[in-house]
Amino acid sequence: MDLLNTLVDKGLRRELPTREEALAVLATSDDELLDVVAAAGKVRRQWFGRRVKLNYLVNLKSGLCPEDCSYCSQRLGSKAEILKYTWLKPDDASKAAAAGVAGGAKRVCLVASGRGPTDKDVDRVSETISAIKEQNEGVEVCACLGLLSDGQADRLRAAGADAYNHNLNTSEATYGDICTTHDFSDRVSTVQQAQAAGMSACSGLIAGMGETDADLVDVVFALRELDPDSVPVNFLIPFEGTPLAKEWNLTPQRALRILAMVRFVCPDVEVRLAGGREVHLRSLQPLALHLVNSIFLGDYLTSEGQAGKEDLAMIADAGFEVEGTDTTTLPEHRTDAAVQAAPVPAADAAVPAPPSEETRRDLVSVRRRGAGTELPPNA
């Protein structure tokens with residue numbers, strides 16, 4: 001297939017595909033799916049071999065967020081019956097993180113609901129970072145606290161934060177459809193503040209919110225221009241009690257095509273399979289390992305993932321290996337600050353999203369264990 005040969009060649013050269021090529025990946029048929037996965041897999045193996053980086057989420061503060069992001073179970077007005085609690089103490093957060101590290105996680109992601117942290121919150125998270133690093137040699141810590149104010153990125157970096165996560169989520173043109181309490185530029189600004197402070201930027205998207213193919217390409221090209229080191233790809237978890245509860249727009253095949261498109265556009269970046277993989281990829285999760293080089297281990301913020309030991313078995317059975325703390329995740333050239341993102345071509349016309357899949361409420365399981373509970377975490 002000429003398209004796939006072209007995309008492989010470009011991926012091996014770190015060259016940006018055209019928008020038409022990215023859209024064409026999303027438009028491939030199910031009959032072509034294994035060819036698409038195999039092609040993107042060549043690019044993945046060129047830059048990351050067969051290594052899989054494990055990441056572990058610790059939800060420091062759950063629920064009661066003043067923002068109105070439609071996809072989020074913690075949003076303002078959410079009726080989702082999720083865990084709600086205020087800030088975990090640093091020692092409790094460190095214990096939760098230790099469970100993930102013991103399960104093989106190389107990075108711990110500290111997440112808190114809310115528009116953004118106060119200076120007191122930054123102090124609290126700084127203590128948590130110190131506690132985690134003192135007890136877990138070599139572990140990376142990523143903070144995800146919302147929109148940052150002046151100076152906060154520098155303070156987090158000084159406290160030992162290796163990375164900062166703030167997702168773009170969807171295209172700039174449709175961002176107002178999913179959130180009205182902040183805008184796309186606020187998110188871009190926060191990622192840039194993290195980069196300016198010397199933290200590794202982590203920024204990705206959420207697929208399955210009713211967006212078009214063009215929207216998906218728009219946000220991935222925007223990410224390429226922003227040049228984060230990590231790009232998490234989330235698939236919408238349609239929580240009951242949220243505005244997007246009826247948005248079941250994904251099939252396992254479409255989810256794989258989205259991951260392949262992201263890999264072709266961001267060939268040498270840590271592409272992370274994130275929230276919703278169990279819900280939407282289901283039994284095809286092992287195929288996704290040929291496209292991504294990073295996953296979350298165990299549970300997510302407010303939903304439960306598959307058992308951590310099943311994640312490890314899946315990685316081994318698919319012929320991949322867990323990346324150790326003594327291995328640098330990114331290719332050597334990405335550690336050079338002189339490497340710049342390639343220019344992004346002009347926008348194109350929208351492509352209709354696929355029809356919705358039958359609703360599978362049985363696949364969405366609210367988290368009732370781990371951080372904020374008396375039950376052991378899943379790691």
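The axes of H2 and H10 come within 8 Å and cross at roughly 155°. This is a predicted model. An angle over 145 degrees counts as roughly antiparallel, and H2 and H10 are therefore roughly antiparallel to each other. Their crossing is right-handed. By class, this contact has eight nonpolar, no polar and two charged residues. H2 brings Ala22, Val25 and Leu26 to it. On the H10 side are Arg254, Arg257, Ile258, Ala260, Met261, Phe264 and Val265.

Two numbers carry each such description. Packed helices are described by the angle between their axes and the distance between those axes.

Now turn to the other partner of H2. This is helix H9, residues 213-226. Here the packing angle is about 125°, and the axes are 10 Å apart. H2 and H9 are therefore oblique to each other. Their crossing is right-handed. From H2 come Arg19, Ala22, Leu23 and Leu26. They meet Asp213, Ala214, Leu216, Val217, Asp218 and Phe221 in H9. The contact of H2 with H9 counts seven nonpolar, no polar and three charged residues.

H9 passes H10 in a right-handed crossing. The H9 residues in this contact are Asp213, Leu216, Val217, Val220, Phe221 and Arg224. Facing them in H10 are Arg254, Ile258, Met261, Val262 and Val265. Sorted by class, the contact of H9 with H10 has eight nonpolar, no polar and three charged residues.

Next comes H1, at residues 2-12. Which residues of H1 are buried? They are Leu3, Leu4, Leu7, Val8, Lys10 and Gly11. They cover an arc of only 165° around the axis, which puts them on the same side of H1. The spacing follows from helix geometry. An α-helix has 3.6 residues a turn, so residues three or four places apart point the same way. What do the buried residues of H1 pack against? Their partners are H2 (19-26), H3 (33-48) and H10 (252-265).

Past the end of H1 comes the loop to H2. Arginine 14 follows H1 and has a positive phi, near 60°. Glutamate 15 is found in the loop between H1 and H2. Is glutamate 15 buried or exposed, or partly exposed? Its relative accessible area is 30%, so glutamate 15 is partly exposed. Leaving aside neighbours within four places in sequence, glutamate 15 is in contact with Lys10 and Arg224. Lys10 is one of the buried residues of H1. Phenylalanine 184 gives a contrasting pair for glutamate 15: they are 169 residues apart in sequence and 26 Å apart in space, C-alpha to C-alpha.

Most residues other than glycine have a negative phi. Aspartate 227 has a positive phi of about 65° although it is not a glycine. It sits in the loop between H9 and strand S7 (230-235). With a relative accessible area of 23%, aspartate 227 is partly exposed. Arginine 282 has a phi near 50°, again a positive value in a residue other than glycine. Its loop runs between H11 (277-280) and H12 (285-288). Arginine 282 also counts as partly exposed, at 24% relative accessibility.

The tour ends in a strand. Cysteine 202 lies in S5, residues 200-202. Its relative accessible area is 0%, so cysteine 202 is buried. What does cysteine 202 touch, not counting residues up to four places away in sequence? The contacts are Tyr164, Asn165, His166, Asn167, Pro228, Ser230, Pro232 and Arg272. Arginine 107 is 95 residues from cysteine 202 in sequence and 12 Å from it in space, C-alpha to C-alpha.

Note on methods:
Residues numbered from 1 in each chain as written. Predicted model: local features only at pLDDT ≥ 70, side-chain atom pairs only at ≥ 80, totals over all residues. Heavy atoms only, no water. Buried < 20%, exposed > 50% of the residue type's maximum accessible area, 1.4 Å probe, protein only. Helix = DSSP H or I, 4+ residues; strand = E, 2+ residues; numbered from the N terminus. Arc of directions from axis to C-beta. Contact = heavy atoms within 4.5 Å. Axes fitted to C-alpha atoms, helices over the stretch in contact; angles between N-to-C directions. Parallel < 35°, antiparallel > 145°, perpendicular 65-115°, else oblique. Left-handed = near helix turned anticlockwise from the far one by under 90°. Nonpolar A, V, L, I, M, F, W, Y, C, P; charged D, E, K, R; others polar.
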